[in-house]
Amino acid sequence: MGPVSDPAVSALLDAPTTVRLRPVFEGNNISYAIGFKHINYVSEAAVLHHFRTAGLPVGELYRRYGLGFEVVELRSRLGALLAVDDEVEAEVVPATKDGATEFTFTVNQFVRRDGQRIKCAGSTVRVALRIDGHIAPSEEYPAGLGRFAVPRLGTGDRLELGVTPRPYGALAEGRGTTGTTDPVLARLIGEDNAFGWRWRMPYFYCHFNERVQMSGFLRVMEEAEDLFLADRGLPIKHVLDSRGWIPVVTQSRIRLLDETVMEEELYTVYTIEDVFKSLLYTARMDCYVIRGGELVHTATGTITHGYLREHAPNQWAMATLDEATTAALSSPKRAAV
(Lines give C-alpha, C1' and ligand atoms only; values in the text may rest on other atoms or scores of the structure.)
Protein backbone atom coordinates (compact mmCIF):
# COMPACT_ATOMS: atom_id res chain seq x y z
CA MET A 1 0.00 0.00 0.00
CA GLY A 2 1.45 3.37 -0.99
CA PRO A 3 1.71 6.45 1.20
CA VAL A 4 -1.54 8.14 2.15
CA SER A 5 -2.20 11.49 0.47
CA ASP A 6 -4.10 14.45 1.81
CA PRO A 7 -7.75 14.34 0.61
CA ALA A 8 -7.22 17.45 -1.53
CA VAL A 9 -4.18 15.90 -3.21
CA SER A 10 -6.11 12.66 -3.74
CA ALA A 11 -8.89 14.66 -5.40
CA LEU A 12 -6.35 16.26 -7.75
CA LEU A 13 -5.01 12.84 -8.67
CA ASP A 14 -8.20 10.80 -8.85
CA ALA A 15 -11.44 12.78 -9.11
CA PRO A 16 -12.63 14.00 -12.56
CA THR A 17 -14.28 17.40 -12.69
CA THR A 18 -16.52 19.19 -15.14
CA VAL A 19 -16.94 22.92 -15.57
CA ARG A 20 -18.90 25.11 -17.96
CA LEU A 21 -16.86 27.94 -19.47
CA ARG A 22 -17.19 30.46 -22.25
CA PRO A 23 -14.26 31.43 -24.47
CA VAL A 24 -12.99 34.99 -24.07
CA PHE A 25 -14.23 37.47 -26.69
CA GLU A 26 -10.63 38.50 -27.46
CA GLY A 27 -10.22 35.19 -29.30
CA ASN A 28 -12.98 36.03 -31.78
CA ASN A 29 -10.74 37.31 -34.59
CA ILE A 30 -12.36 35.88 -37.74
CA SER A 31 -16.12 35.81 -38.33
CA TYR A 32 -17.45 34.47 -35.02
CA ALA A 33 -14.99 31.60 -34.60
CA ILE A 34 -12.53 31.31 -31.68
CA GLY A 35 -8.83 30.86 -32.44
CA PHE A 36 -6.51 28.11 -31.20
CA LYS A 37 -4.88 30.24 -28.50
CA HIS A 38 -8.14 30.79 -26.68
CA ILE A 39 -9.19 27.17 -27.11
CA ASN A 40 -6.01 26.37 -25.18
CA TYR A 41 -6.93 29.02 -22.64
CA VAL A 42 -10.19 27.16 -22.00
CA SER A 43 -8.24 23.95 -21.27
CA GLU A 44 -5.99 25.81 -18.85
CA ALA A 45 -9.00 27.42 -17.15
CA ALA A 46 -10.59 23.98 -16.72
CA VAL A 47 -7.48 22.67 -14.95
CA LEU A 48 -7.42 25.76 -12.70
CA HIS A 49 -11.04 24.97 -11.79
CA HIS A 50 -10.00 21.37 -11.06
CA PHE A 51 -7.46 22.63 -8.49
CA ARG A 52 -10.06 24.90 -6.90
CA THR A 53 -12.61 22.10 -6.70
CA ALA A 54 -10.05 19.84 -5.00
CA GLY A 55 -9.47 22.50 -2.36
CA LEU A 56 -6.04 23.68 -3.56
CA PRO A 57 -6.69 26.88 -5.54
CA VAL A 58 -3.57 28.28 -7.14
CA GLY A 59 -3.61 31.48 -5.11
CA GLU A 60 -3.63 29.49 -1.89
CA LEU A 61 -0.85 27.22 -3.16
CA TYR A 62 1.28 30.31 -3.63
CA ARG A 63 0.30 32.13 -0.44
CA ARG A 64 0.38 29.20 1.97
CA TYR A 65 3.07 26.97 0.46
CA GLY A 66 5.14 29.23 -1.79
CA LEU A 67 4.30 27.09 -4.84
CA GLY A 68 3.63 28.57 -8.26
CA PHE A 69 1.20 26.73 -10.55
CA GLU A 70 2.96 26.19 -13.90
CA VAL A 71 1.57 24.60 -17.03
CA VAL A 72 4.76 23.06 -18.43
CA GLU A 73 3.25 21.21 -21.38
CA LEU A 74 0.07 21.75 -23.37
CA ARG A 75 -0.99 19.59 -26.30
CA SER A 76 -4.26 20.21 -28.11
CA ARG A 77 -6.14 18.85 -31.10
CA LEU A 78 -9.03 20.70 -32.70
CA GLY A 79 -12.15 18.63 -33.35
CA ALA A 80 -14.65 21.25 -34.50
CA LEU A 81 -14.80 25.03 -34.60
CA LEU A 82 -15.64 26.79 -31.36
CA ALA A 83 -17.92 29.83 -31.70
CA VAL A 84 -17.82 32.99 -29.62
CA ASP A 85 -21.20 32.35 -27.96
CA ASP A 86 -20.61 28.68 -27.23
CA GLU A 87 -20.77 27.43 -23.67
CA VAL A 88 -18.09 24.78 -23.31
CA GLU A 89 -18.52 21.75 -21.11
CA ALA A 90 -14.92 20.99 -20.16
CA GLU A 91 -14.18 17.59 -18.63
CA VAL A 92 -10.90 17.21 -16.72
CA VAL A 93 -9.70 13.65 -16.11
CA PRO A 94 -6.58 13.10 -13.96
CA ALA A 95 -3.95 10.97 -15.74
CA THR A 96 -0.88 11.33 -13.52
CA LYS A 97 1.29 8.22 -13.43
CA ASP A 98 2.55 6.74 -10.18
CA GLY A 99 5.78 8.40 -9.14
CA ALA A 100 5.51 11.23 -11.67
CA THR A 101 6.66 14.67 -10.59
CA GLU A 102 4.19 16.50 -12.83
CA PHE A 103 0.41 16.38 -12.75
CA THR A 104 -1.12 15.19 -16.03
CA PHE A 105 -4.71 15.87 -17.04
CA THR A 106 -6.74 15.20 -20.15
CA VAL A 107 -9.24 17.94 -20.95
CA ASN A 108 -12.05 17.45 -23.44
CA GLN A 109 -14.22 20.35 -24.60
CA PHE A 110 -17.82 19.76 -25.70
CA VAL A 111 -20.58 22.03 -26.97
CA ARG A 112 -24.21 21.42 -27.87
CA ARG A 113 -25.43 22.30 -31.34
CA ASP A 114 -28.76 21.29 -32.86
CA GLY A 115 -29.38 18.98 -29.92
CA GLN A 116 -26.07 17.14 -30.37
CA ARG A 117 -23.07 17.04 -28.05
CA ILE A 118 -19.99 17.82 -30.18
CA LYS A 119 -16.36 17.52 -29.15
CA CYS A 120 -14.55 20.73 -30.12
CA ALA A 121 -11.08 20.02 -28.73
CA GLY A 122 -9.00 17.62 -26.67
CA SER A 123 -5.93 18.57 -24.66
CA THR A 124 -3.25 17.05 -22.49
CA VAL A 125 -2.10 19.45 -19.78
CA ARG A 126 0.95 18.87 -17.57
CA VAL A 127 1.48 20.95 -14.43
CA ALA A 128 4.42 21.45 -12.08
CA LEU A 129 4.51 23.40 -8.81
CA ARG A 130 7.50 25.74 -8.83
CA ILE A 131 9.04 26.49 -5.42
CA ASP A 132 9.36 30.25 -4.96
CA GLY A 133 12.52 30.91 -2.98
CA HIS A 134 11.36 34.44 -2.13
CA ILE A 135 8.36 33.23 -0.12
CA ALA A 136 8.63 31.35 3.16
CA PRO A 137 5.79 28.78 3.30
CA SER A 138 3.43 29.40 6.20
CA GLU A 139 2.46 25.71 6.32
CA GLU A 140 3.92 22.32 5.47
CA TYR A 141 2.83 20.79 2.19
CA PRO A 142 -0.24 18.54 2.34
CA ALA A 143 0.72 14.87 2.28
CA GLY A 144 1.49 13.72 -1.25
CA LEU A 145 2.00 17.20 -2.71
CA GLY A 146 5.75 17.46 -2.15
CA ARG A 147 6.72 15.27 -5.10
CA PHE A 148 5.24 17.85 -7.49
CA ALA A 149 7.23 20.75 -5.97
CA VAL A 150 10.31 21.53 -8.09
CA PRO A 151 13.09 24.10 -7.56
CA ARG A 152 12.95 25.17 -11.23
CA LEU A 153 11.09 24.20 -14.37
CA GLY A 154 13.95 22.53 -16.17
CA THR A 155 17.48 22.93 -17.42
CA GLY A 156 17.25 23.38 -21.17
CA ASP A 157 20.09 22.44 -23.48
CA ARG A 158 22.95 24.93 -23.75
CA LEU A 159 24.39 25.86 -27.14
CA GLU A 160 27.60 27.69 -27.87
CA LEU A 161 26.76 31.27 -28.74
CA GLY A 162 29.52 31.57 -31.33
CA VAL A 163 28.61 35.15 -32.41
CA THR A 164 28.43 38.60 -30.87
CA PRO A 165 24.81 39.52 -30.08
CA ARG A 166 23.39 42.86 -31.06
CA PRO A 167 22.94 45.25 -28.11
CA TYR A 168 20.08 44.49 -25.77
CA GLY A 169 16.91 46.18 -26.93
CA ALA A 170 18.04 46.74 -30.53
CA LEU A 171 15.16 45.85 -32.82
CA ALA A 172 16.05 42.94 -35.05
CA GLU A 173 14.19 40.43 -37.14
CA GLY A 174 15.64 37.51 -39.04
CA ARG A 175 14.09 36.21 -42.21
CA GLY A 176 14.63 33.07 -44.22
CA THR A 177 18.19 31.83 -44.34
CA THR A 178 20.11 34.82 -45.69
CA GLY A 179 19.98 38.54 -45.22
CA THR A 180 19.33 38.02 -41.53
CA THR A 181 19.91 41.22 -39.57
CA ASP A 182 20.56 39.50 -36.24
CA PRO A 183 23.71 37.34 -35.90
CA VAL A 184 22.19 35.11 -33.21
CA LEU A 185 19.16 34.34 -35.36
CA ALA A 186 21.44 33.69 -38.33
CA ARG A 187 23.38 31.22 -36.16
CA LEU A 188 20.19 29.44 -35.07
CA ILE A 189 18.50 29.35 -38.48
CA GLY A 190 21.49 28.21 -40.51
CA GLU A 191 20.22 26.81 -43.82
CA ASP A 192 16.84 25.68 -42.49
CA ASN A 193 13.50 26.67 -43.99
CA ALA A 194 12.85 28.92 -41.02
CA PHE A 195 11.96 32.38 -39.83
CA GLY A 196 13.56 34.05 -36.81
CA TRP A 197 12.24 36.70 -34.45
CA ARG A 198 13.75 38.41 -31.42
CA TRP A 199 11.63 40.14 -28.80
CA ARG A 200 11.96 41.34 -25.21
CA MET A 201 9.48 39.43 -23.07
CA PRO A 202 7.09 41.84 -21.33
CA TYR A 203 5.80 41.54 -17.80
CA PHE A 204 2.26 40.91 -19.03
CA TYR A 205 3.37 37.56 -20.48
CA CYS A 206 4.71 36.54 -17.06
CA HIS A 207 3.47 35.52 -13.65
CA PHE A 208 4.74 35.12 -10.07
CA ASN A 209 6.87 38.26 -10.53
CA GLU A 210 9.36 36.54 -12.77
CA ARG A 211 8.63 33.87 -15.36
CA VAL A 212 6.97 33.73 -18.77
CA GLN A 213 3.94 31.49 -18.43
CA MET A 214 2.41 29.05 -20.91
CA SER A 215 -0.10 31.58 -22.25
CA GLY A 216 2.84 33.84 -23.10
CA PHE A 217 4.37 31.14 -25.27
CA LEU A 218 1.03 30.57 -26.98
CA ARG A 219 1.12 34.26 -27.89
CA VAL A 220 4.70 33.95 -29.15
CA MET A 221 3.70 30.98 -31.33
CA GLU A 222 0.80 32.90 -32.83
CA GLU A 223 2.96 35.97 -33.44
CA ALA A 224 5.73 33.92 -35.06
CA GLU A 225 3.20 32.35 -37.44
CA ASP A 226 1.78 35.76 -38.36
CA LEU A 227 5.24 37.25 -39.03
CA PHE A 228 6.36 34.16 -40.95
CA LEU A 229 3.37 34.28 -43.31
CA ALA A 230 3.88 37.99 -43.96
CA ASP A 231 7.54 37.34 -44.70
CA ARG A 232 6.62 34.64 -47.23
CA GLY A 233 4.24 36.93 -49.09
CA LEU A 234 1.14 35.44 -47.45
CA PRO A 235 0.02 38.14 -44.97
CA ILE A 236 -3.19 37.02 -43.33
CA LYS A 237 -5.39 40.01 -44.21
CA HIS A 238 -4.31 40.05 -47.85
CA VAL A 239 -4.92 36.31 -48.24
CA LEU A 240 -8.27 36.61 -46.44
CA ASP A 241 -9.37 39.55 -48.61
CA SER A 242 -8.12 38.13 -51.92
CA ARG A 243 -8.85 34.41 -51.52
CA GLY A 244 -11.16 34.14 -48.53
CA TRP A 245 -8.61 31.94 -46.72
CA ILE A 246 -7.70 32.02 -43.04
CA PRO A 247 -5.12 29.77 -41.33
CA VAL A 248 -6.59 27.19 -38.98
CA VAL A 249 -4.68 25.23 -36.36
CA THR A 250 -5.58 21.55 -36.17
CA GLN A 251 -2.94 20.58 -33.57
CA SER A 252 -0.54 22.42 -31.28
CA ARG A 253 2.00 21.50 -28.62
CA ILE A 254 4.30 23.55 -26.40
CA ARG A 255 6.76 22.24 -23.80
CA LEU A 256 8.72 24.43 -21.38
CA LEU A 257 12.33 23.20 -21.19
CA ASP A 258 13.70 25.90 -18.89
CA GLU A 259 12.55 29.18 -17.43
CA THR A 260 12.34 32.39 -19.41
CA VAL A 261 12.59 35.43 -17.18
CA MET A 262 10.71 38.71 -17.47
CA GLU A 263 12.45 41.16 -19.83
CA GLU A 264 14.89 38.61 -21.21
CA GLU A 265 15.12 38.73 -25.00
CA LEU A 266 13.61 35.65 -26.55
CA TYR A 267 15.05 34.35 -29.82
CA THR A 268 12.30 32.40 -31.58
CA VAL A 269 12.95 30.20 -34.61
CA TYR A 270 9.92 29.03 -36.57
CA THR A 271 10.90 26.13 -38.84
CA ILE A 272 8.68 24.61 -41.52
CA GLU A 273 8.97 20.84 -41.19
CA ASP A 274 6.52 19.56 -43.78
CA VAL A 275 3.92 20.59 -46.34
CA PHE A 276 1.76 17.62 -47.22
CA LYS A 277 -1.25 16.63 -49.32
CA SER A 278 -1.76 20.26 -50.43
CA LEU A 279 -3.82 20.75 -47.27
CA LEU A 280 -1.64 21.11 -44.18
CA TYR A 281 1.78 22.26 -43.11
CA THR A 282 3.63 21.68 -39.85
CA ALA A 283 6.07 24.00 -38.13
CA ARG A 284 8.34 23.74 -35.10
CA MET A 285 8.90 26.61 -32.69
CA ASP A 286 12.12 26.77 -30.68
CA CYS A 287 12.79 29.54 -28.17
CA TYR A 288 16.15 30.57 -26.70
CA VAL A 289 17.60 33.16 -24.35
CA ILE A 290 21.21 34.22 -23.86
CA ARG A 291 22.37 33.42 -20.36
CA GLY A 292 25.90 33.18 -19.06
CA GLY A 293 27.32 33.59 -22.54
CA GLU A 294 25.37 30.62 -23.89
CA LEU A 295 22.14 30.05 -25.77
CA VAL A 296 19.63 28.33 -23.49
CA HIS A 297 16.78 26.39 -25.12
CA THR A 298 13.77 27.37 -22.99
CA ALA A 299 10.74 26.16 -24.96
CA THR A 300 9.81 24.06 -27.97
CA GLY A 301 6.60 23.21 -29.73
CA THR A 302 4.92 22.18 -32.93
CA ILE A 303 1.85 23.40 -34.75
CA THR A 304 -0.16 22.04 -37.68
CA HIS A 305 -1.89 24.52 -39.96
CA GLY A 306 -4.22 24.47 -42.90
CA TYR A 307 -6.37 27.10 -44.57
CA LEU A 308 -10.13 27.38 -44.31
CA ARG A 309 -12.41 29.07 -46.81
CA GLU A 310 -15.65 30.62 -45.51
CA HIS A 311 -18.45 29.60 -47.89
CA ALA A 312 -21.24 30.96 -45.63
CA PRO A 313 -21.15 32.98 -42.39
CA ASN A 314 -18.93 30.96 -40.03
CA GLN A 315 -19.20 27.88 -42.25
CA TRP A 316 -15.78 26.81 -43.37
CA ALA A 317 -14.22 24.14 -45.55
CA MET A 318 -10.58 23.16 -45.99
CA ALA A 319 -8.85 24.96 -48.85
CA THR A 320 -6.45 23.17 -51.17
CA LEU A 321 -3.03 24.82 -51.23
CA ASP A 322 -2.19 26.00 -54.73
CA GLU A 323 1.28 25.77 -56.25
CA ALA A 324 2.24 29.35 -55.37
CA THR A 325 1.25 28.91 -51.72
CA THR A 326 3.08 25.60 -51.43
CA ALA A 327 6.19 27.18 -52.97
CA ALA A 328 6.04 30.13 -50.54
CA LEU A 329 5.79 27.77 -47.56
CA SER A 330 8.46 25.39 -48.84
CA SER A 331 11.24 27.75 -49.94
CA PRO A 332 13.07 30.18 -47.66
CA LYS A 333 12.74 33.80 -48.68
CA ARG A 334 16.15 35.15 -49.63
CA ALA A 335 15.53 38.85 -50.04
CA ALA A 336 17.90 41.07 -48.07
CA VAL A 337 16.39 43.02 -45.17
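Analyst: Start with helix H5, residues 214-231. It has 18 residues and reaches 26 Å from its first C-alpha to its last. Keep in mind that this is a predicted model.

User: What makes 26 Å close to the expected span of H5?

Analyst: The expectation uses 1.5 Å a residue. The expected span is 1.5 Å times one less than the number of residues. For H5 that comes to 26 Å, and the helix reaches 26 Å.

User: Why is H5 called largely enclosed?

Analyst: Buried means under 20% relative accessible area. In H5, 13 of the 18 residues are buried, so the rest of the structure largely encloses the helix. Just after H5, Gly-233 takes a positive phi of about 80°.

User: How confident is the predictor, and where does pLDDT stay under 50?

Analyst: The protein averages a pLDDT of 91. At least 70 is scored by 94% of the residues. Residues 174-179 are the stretch where pLDDT stays under 50. The model has 27 contacts beyond four places in sequence for that stretch.

User: Is Thr-104 buried or exposed, and how do you know?

Analyst: The cut-off for buried is under 20%. Thr-104 has 12% relative accessibility, so it counts as buried. Its place is in strand S4, residues 103-113.

User: What does Thr-104 touch beyond its neighbours within four places in sequence?

Analyst: Its contacts are Val-93, Pro-94, Ala-95, Thr-96, Thr-124, Val-125 and Arg-126. Val-93 is 11 residues away along the chain, with 8.7 Å between the two C-alpha atoms.

User: What makes the link between the side chains of Thr-104 and Arg-126 a polar contact?

Analyst: The limit for the pair of N or O atoms is within 3.5 Å. The Thr-104 and Arg-126 side chains come to 3.3 Å. That meets the limit, so the polar label applies.

User: Which strands pair with S3, and in what sense?

Analyst: Strand S1, residues 17-21, pairs with S3 in the antiparallel sense over five bridges. Six bridges join S3 to S4, which also run antiparallel. Pairing needs at least two bridges, so both cases qualify. Arg-20 has Glu-89 in S3 as its bridge partner. Val-93 has Thr-106 in S4.

User: Why is S3 described as largely enclosed?

Analyst: S3 spans residues 88-94. Five of its seven residues are buried, so the rest of the structure largely encloses the strand.

User: How do you know that Asp-286 is buried, and what does its side chain reach?

Analyst: Asp-286 has 5% relative accessibility. That is under 20%, so Asp-286 counts as buried. It sits in strand S14, residues 280-291. A polar contact of 2.9 Å joins its side chain to that of His-297. Among its contacts beyond four places in sequence are Tyr-267, Val-269 and Ala-299.

User: Which strand forms a hairpin with S14?

Analyst: S13 does, with three residues between the two strands. In the turn, Lys-277 has a positive phi of about 60°. S13 and S14 pair in the antiparallel sense over nine bridges. Thr-268 stands opposite Cys-287 in S14. S13 also runs antiparallel to strand S9, residues 194-200, and seven bridges join them. There, Trp-199 stands opposite Leu-266 in S13.

User: Why does Asp-114 count as exposed, while Glu-263 is partly exposed?

Analyst: Exposed means over 50%. Asp-114 has 81% relative accessibility, so it counts as exposed. Glu-263 has 37%, which falls between the buried and exposed cut-offs, so it counts as partly exposed. Asp-114 is in the loop between S4 and strand S5. Glu-263 is in the loop between strand S12 and S13. Phi is positive in each: near 55° for Asp-114, and near 75° for Glu-263.

User: Why is Asn-28 called buried although it is in a loop?

Analyst: Asn-28 has 18%, so it counts as buried. Its loop lies between S1 and helix H2. A polar atom of its side chain lies 3.2 Å from the backbone oxygen of Ala-33. Beyond four places in sequence, Asn-28 touches Ala-33, Ile-34 and Val-84.

Notes:
Residues are numbered from 1 along each chain as its sequence is written. Side-chain values use heavy atoms; hydrogens and water are left out. Helices (H or I, at least four residues) and strands (E, at least two) are DSSP runs, numbered from the N terminus. Buried means under 20% relative accessible area, exposed over 50%, partly exposed in between (1.4 Å probe, protein chains only). Contact means heavy atoms within 4.5 Å. A polar contact is a pair of N or O atoms within 3.5 Å; within protein, one must be able to donate a hydrogen and the other to accept it, and residues adjacent in sequence count only if both atoms are side-chain atoms. pLDDT is the predictor's confidence in each residue, from 0 to 100.
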